[in-house]
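Please look over the sequence and the 3D structure before reading on. The notes that follow are arranged by topic.

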Amino acid sequence: MIKCPQTGRAIPTGIKADRGSFRCSAVFFARTHCSICQTNHDWFAKEAWVNEPSVE
Ligand SMILES: [Zn+2]
């Protein structure tokens with residue numbers, strides 16, 4: 001998930017990754033189409049987080 005810079009809402013990146021592999025790609029860079037703004041946002045992995053259904 002990333003935080004939309006325009007609305008501050010969480011949006012899915014569309015990329016599936018577990019926390020371990022996600023953290024390994026610290027300089028990972030991607031572009032995701034935001035369904036809220038209808039635009040593309042560029043983001044770095046360090047700004048994003050993995051959406052975990054069961055938080056603990
Ligand atoms: Zn947005």
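This briefing covers a metal site, a strand pair, an aromatic pair and a nonpolar core.

This is a predicted model, in which local features need pLDDT of at least 70 and side-chain atom pairs count only at pLDDT 80 or more, while totals for chains, interfaces and linings use all residues. Residues are numbered from 1 along each chain as its sequence is written, and side-chain values use heavy atoms, with hydrogens and water left out.

**Zinc site**

- The zinc ion has as its protein donors C4 (SG), C34 (SG), C37 (SG) and H41 (NE2), at 2.0 to 2.3 Å; donors are N, O and S atoms within 2.8 Å of the metal (3.2 Å for Na, K and Ca), and sites may look incomplete because water is not among the atoms.
- The angles among the four donor atoms run from 98 to 117°, and the site is tetrahedral, a term that requires all angles of four donors to lie between 85 and 135 degrees.
- Along the chain, the donors are spaced as C-x29-C-x2-C-x3-H.
- H41 counts as buried at 6% relative accessibility, whereas C37, at 22%, counts as partly exposed; buried means under 20% relative accessible area, exposed over 50%, and partly exposed in between (1.4 Å probe, protein chains only).

**Strands β3 and β4**

- Strands β3 and β4 pair in the antiparallel sense over six bridges; strands are DSSP runs (E, at least two residues), numbered from the N terminus, and two of them pair if DSSP finds at least two bridges between them.
- A30 has W43 of β4 as its bridge partner, and the hairpin of β3 and β4 has four residues between the strands, with Q38 taking a positive phi near 60°.
- The covered face of β3 holds A30, T32 and C34, while F29, R31 and H33 form the uncovered one.

**Aromatic pair**

- One aromatic pair is found in the whole structure; the ring centres of F29 and F44 lie 4.8 Å apart with the planes at 55°, so the pair is tilted.
- Rings of Phe, Tyr and Trp (its six-membered ring) pair if their centres lie within 6.5 Å, with planes under 30 degrees apart counting as stacked, over 60 as edge-to-face and the rest as tilted.
- F29 belongs to β3 (residues 29-34) and F44 to β4 (residues 39-44), so the pair ties together parts 15 residues apart in sequence.
- F29 is partly exposed at 43% relative accessibility, and F44 is partly exposed at 36%.

**Nonpolar core**

- The largest nonpolar core has seven residues, namely I2, C4, I11, A30, C34, W43 and A48; such a core is a set of buried Ala, Val, Leu, Ile, Met, Phe, Trp, Tyr and Cys residues joined through side-chain atoms within 4.5 Å.

Terms used
Tetrahedral: all angles 85-135°; square planar, octahedral: opposite > 155°, others 65-115°.
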